[in-house]
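This report describes selected features of one structure.

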Amino acid sequence: MNIQMQMGGVFILLLLLYFYKRQDTIGLYTGKVFLRALYITLSCLLLDILSIILIVNQDQLPIWLVRVECKMYLFSLVMSGYVAFTYTSADIHRLAKADPFIRRLGAAVAAIAVLIFVLPIHTYHDGRGVVYTYGWACYATYAGALLFILATLVEIYVWGKSMNPKRRNAIRLWLIIWMAAAAVQFLDSRLLLVGFAGVMGMVILFFELENPEIYIDRSTGFFNSYAFVEFIRQQYRTDSACCGILVSLQDVHTINNMTSAKTEHVMAEIVRFMRKIPDVRVFKTDDREFALECQSRDSLERVHGIICDRFQKSWLERSTDTEPVFLQPYYLLIPSCRVGADAEEMLDVFRFYRSHVAELAEDHMITIDEGIVRNRREYDKMLGTLVNAIKEDRLEVFYQPIYSIRKQKFVSAEALARIRCEDGSIIPPGAFIPIAEETGLISEVGEIIFDKTCHFFKEQDLNRYGVKYVETNVSVIQCSNETLADAYISIMEKHQLSPDCINLEITESASIDVRKALLDNMQRLLDFGVSFSLDDFGNGQSNLNYIVDMPVQIVKFDRDMTQAYFENEKAKFILRATMNMIHDMKLKIVSEGVETKEQFEALKELGIDYIQGYYFSKPLDAQAFLDYVKRENGQDDTPSKS
């Protein structure tokens, strides 16, 4: 019976080897250890079968030959335990083959092997098919195998959270089966189950983790995105270096406007082209995206040239029922896949730029180098700073006074977000607001700033110092949120603040990108009593239609537009004409960025309504602003010393 079971195990392992070998692999270290485990398990079974045959026929054979072969089988059992440990370590510690830790384990295996071959062994055969070995060599084998099994379980217990969950569970199941079989065989030496238990472990690992098919994209035969991630991690684990190129058709207008059938034909032709490029490993990282691994920078340049040349020509030229197609993909060039501090940073940079390649690429190409990685690192650092500032209530509001020409005093202010660092330093909004918008934190930031502004206005009763309202910025992302009006009305009601104390600044880009949601929010807030300004007029796509279409009461000339008035005759003419048209629409104008007395006097003479800029004051923290308007507006209510 034992031989039949072992022969069945051999057949199963040969099938696994066949299915493993027939498919290309990306050379992951865990895969190499698994293949080694397959060979060792197969050797273990073959040695087990051979030992049975030799014991049955030991009367016709030299006894030393029988014992040596039996000890070789015992040693193969210890090697199975060793491989289980190294397979687990490969996932937990990212060990390379030559790692000193692995070498020390090899020394332990050698010591156990010496014990096995030195200690005595005995054989038993009752003539009716019951065959087994016993003796001190067997006990040493059990002790050595058990040592590695327990060490593996301890590693999983201590470091399991850092493992691939599927691998962790598969190894646990393998070891449980193996220990159960070893316990049964230890209690009854006639049941030779350990070798077959190893086969079951190989089957579990193959179907759960090591089947090469899981790394293959079925539609193209290329490696898939999962394989790409594991490959990059492998480069860092083994200190290897490679380079590559990403070819992305995700945001190519031509292919996005084709029928699905035509797109499928084009992609099939592109796949055939990619397959013919020599000396590259191709990954299909998304539906219309390919990453090609090259062995050197020279190879990278050559492959990039081949791809660019091909995409300058049309696709579907041989088709009779459709017009040829011209495509211009976006490229990410990666001169070294190890420019990140670790694999996860490199993958994060890769994911970010592949998703933003259409908006960030110059000439349809981005090169991921140390500078880009450094920028991304600073981005992540600032994001962390922002998150912590929100969590620790370190977002502050600074106020820049706005001067009324007619009333000759400060009647309003612009509320500006700042981050107060733990060391007391200040981070300006330009450093974190774009990140807040991109990550979706801007709504939370905006509501925090608005809440603090309302609280400050109400608590200090700014009206009594001549400040009638405060302008607060509303970002493009906030404008697209249908609940913006409800949230802001709720905050004003919480502080019992009159809505005429608030003016919300919107930008031109907001009125373009999120027009319907913006207008709905504006109308609700206008009905509640809030007023609006059009911010940054003169910056970017300035258009008087924005002023006509948007229900705003104030237009704010951007700093660049204000400064251009004093530097360029054409700009002076344009600003005068624009101002007259805005005034004819019964709207007020704020000029931002006024820095000198001469500029102030000139704009005052021109007829600008409000002035904002460093000529009067930089943005001030709440207390400094309060002191400033008290002093400048002549409303200082500090008790006199009389």
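## Aromatic rings

Tyr403, Phe410, Phe600, Tyr615, Phe616 and Tyr628 are joined into a cluster by ring pairs. Rings of Phe, Tyr and Trp (its six-membered ring) pair if their centres lie within 6.5 Å; planes under 30 degrees apart count as stacked, over 60 as edge-to-face and the rest as tilted. The structure is a predicted model: local features need pLDDT of at least 70, side-chain atom pairs count only at pLDDT 80 or more, and totals for chains, interfaces and linings use all residues. Residues are numbered from 1 along each chain as its sequence is written, and side-chain values use heavy atoms, with hydrogens and water left out.

Over the whole structure, the search finds 30 aromatic pairs. One of them is the edge-to-face pair of Phe222 and Phe290, with 6.1 Å from centre to centre and 85° between the planes. Phe222 is in the loop between α7 (194-210) and β3 (223-224), while Phe290 is in strand β6 (residues 289-294), so the pair ties together parts 68 residues apart in sequence. Helices (H or I, at least four residues) and strands (E, at least two) are DSSP runs, numbered from the N terminus. Both Phe222 and Phe290 are buried; buried means under 20% relative accessible area, exposed over 50%, and partly exposed in between (1.4 Å probe, protein chains only).

## Charges over rings

Arg310 lies over the face of Trp315, 3.6 Å from the ring centre. Tyr236 has the charged end of Arg338 over its ring, 4.7 Å from the centre. A charge sits over a ring if NZ of Lys or CZ of Arg is within 6 Å of the ring centre and within 35 degrees of the ring normal.

## Glu289

Glu289 is in strand β6. Its relative accessibility is 1%, so Glu289 counts as buried. The side chain of Glu289 makes a polar contact with that of Arg354, at 2.6 Å (a pair of N or O atoms within 3.5 Å; within protein, one must be able to donate a hydrogen and the other to accept it, and residues adjacent in sequence count only if both atoms are side-chain atoms).

## Strand β13

All six residues of β13 (residues 502-507) are buried. Ile502, Leu504 and Ile506 are on one side, and Asn503, Glu505 and Thr507 on the other. In a regular strand the side chains alternate between the two faces of the sheet.

Strand β12 (residues 469-473) runs parallel to β13, joined by four bridges. Strand β14 (residues 531-537) also pairs with β13 in the parallel sense, over five bridges. Two strands pair if DSSP finds at least two bridges between them.
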